[in-house]
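Please examine the sequence and the model shown here.

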Amino acid sequence: MLSSRLPRLGPWIAKRLFTRNYASIYRGRYNQSTRNRFLQPPAFQQLSLNKLYNGAMIGKHNFLSTTSNEGNEQKETISVTFVDKDGEEQHIRVPVGMSMLEAAHENDIELEGACEGSLACSTCHVIVMDVEYYNKLEDPTDEENDMLDLAFGLSETSRLGCQVIAKPELDGIRLAIPAATRNFAVDGYVPKPH
Amino acid sequence: MQNVVILQARKWFSRSLSSFSSNPLKVCVVGSGPAGFYTAEKMLKAHQQAQVDIIDRLPTPFGLVRSGVAPDHPETKSNSIELTLPENLQQIVINQFSRVAQHEQCSFLGNVTLGSSISLSELRKLYHVVVLAYGAESDRSLGIPGESLKGIYSAREFVWWYNGHPDGRNLDPDLKNTDAAVILGQGNVALDVARILLRPTAELATTDIANYALAALEESSIRKVYLVGRRGPAQAACTAKELREILGIRNVDISIQEVDLRLTPADEEELKSNRIKRRVHELLSKAAAKPRTAGLNQRELHFVFFRKPDSFQESEDRTGHVSGVHFEKTVLKGDGPGKQIAIGTGEFEDIKCGLVLKSIGYKSVPVDGLPFDHKKGIVPNFRGRVLSDTSGDPTLLEEGLYVCGWLKRGPTGIVATNLHCAEETVLSISEDIEKGMLISSAALPKPGREGLLQLLQDRDVRIVSFSDWEKIDSEEKRLGSSRNKPREKLSTWDELHKAALE
């Protein structure tokens, strides 16, 4: 088994090192000065880069927009915990404005997103584990409710991961990923419409 | 000791299937709809050296994603902050599947029919693993008198017709000699066909609906559509999104009897624990309470409940053609939620119509050499592993044979349901490989794609590759652009073969 895993280890390491969102390596040890040491571009380019990325997809490119001098450019992040079907936890930091689905994908957390966040499926279904956090979310739209209808293992605090957007009040939120694979095969009397 | 040695040898062989490129795992997936493509995608992810071939009897891939999605379904807009194109689910899924087909180790082979181009047993000799994902291409029948009268079709055929499927091309339904259509069933497919009959044709003209269907609908004299269910609103199989859509069509007057909306105690129980039904019932109640504006509106949609079809009536003027449906009124019996059935009351009622669409469920078609459960209309299986008979004994397995999608679960669910279905089947395959259960037929390399291509060549079968499909795709888009449609589907076998193979 090891012999077949070794060739994959190199690319795995490379992927981790060079992925743009460094949250996956510095999980829980998010440290601005650490990032700057590695990532700070030459000072004269810094300003123009900031202008370029201001207001754009800062969520993905936040490493370019921060220095200790221009602290107000830095995107705020919150702490989010994903709990998978086996109970294993993964703590990540999510920039404000990013959806939970995106954040999961950036951190290689196994959350399916068949329709890529366009409110046309229910595969990114997550369960908000604490009701206080659930209540802080905006009510789901009709469109989200339509898709939640079809989610497996639906609960009172279920939401679609692509519709939960990180904001400061959600710092510390815990999201459970339901075990869809086994659930659907258990034929309860819940109808499966098409 | 000997057993341990044999076990270790088997495990070594089984690992060799996946990890050594000299004996890669050869997989054949039959069917290129969502079940087939999600299975191929997950197989390639789980077994990095595997070679996966996807065969389909049509020259075009994607199954119901191409031929079953209603042409007028509105775009769903992207909510994310990403600068991606706001495409609808159909296009997103087609893009995903195309990426799988273009994977180095994957091949799409269209125009290859299981059962005629090649038999199941021949396929199992060529590949280590065969996954059947060919869906359900037949219909449940009512078994009542008059079912073979002209003017009675299954919703499946009707959908194939307006979606340009080559097997639906010649349906030629008569929409000009009647003002009423009856649809039996109240699931989402029933709502789809009702919507196509009622929607202003100007709105259909810019979709990818087949041009001959559009022409027929433009000349249609149908003004009243009845959606008839045997039971009540609490048992209707449609979902909120589709119901809201049909209730919102312009210039259609909705008719629902408020008395039908009254709930039995068992109904209340069913609704309490079922979000979908609760929301459906809310929508129907709101629509029933709205004042009728008949006269101003040109078309009518009637939701009819508690009517079971007893027989079809033949026209006196046009022999052999349907002129109405004879219904028996029903009541619900049974106290358990989810267990209420419709019982006839002995009272009858007729609805006059010239078109009947039966939307009561699809059914799968068995092939030679395949164990089949005729009662349920599926292949007996345990988590995707095909069982040798319908006894349910999980130890009687057909080695190397698996199922996924509607053929495995029955014709229910949405596109995304197949994602989870494929995960389960692929997990079963991986477990079986790990346990060395595929050894007796898989210790040696298998011919796989080379063997299949040779056999098909010997039989003069012209295979349509994925790049051949792309020629069909470009041609359809080209034809569509001059008519302000996303595409104009090629809907005869000849046109499809010509575009692909010349």
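Predicted model: local features only at pLDDT ≥ 70, side-chain atom pairs only at ≥ 80, totals over all residues.

Between domain 1 of chain B and domain 2 of chain B there are 3 salt bridges, each defined as a side-chain nitrogen of Lys or Arg within 4 Å of a carboxyl oxygen of Asp or Glu. D72(B) and R195(B) form a salt bridge through their side chains, at 2.7 Å from N to O. Side-chain values use heavy atoms, without hydrogens and water; residues are numbered from 1 along each chain as its sequence is written, with chains lettered from A and ligands numbered from 1 in the order in which they are written.

The domain assignment, automatic or taken from a database, places residues 25-81 + 88-137 + 364-501 of chain B in domain 1 and residues 140-361 in domain 2. Their C-alpha centres are 32 Å apart. Contact (heavy atoms within 4.5 Å) involves 24 residues of domain 1 of chain B and 24 residues of domain 2 of chain B. The two domains bury about 2200 Å² between them, 50% of it on carbon and sulfur atoms; buried area is the accessible area (1.4 Å probe) lost by two parts on being put together, summed over both. In domain 1 of chain B, the residues losing the most area to domain 2 of chain B are P71(B), D72(B) and S491(B), which together account for 27% of what that side buries.

As for confidence, chain A has a mean pLDDT of 70, with 54% of its residues at 70 or more. Within chain A, residues 17-73 have pLDDT below 50.

Definitions and conventions: pLDDT = per-residue confidence, 0-100.
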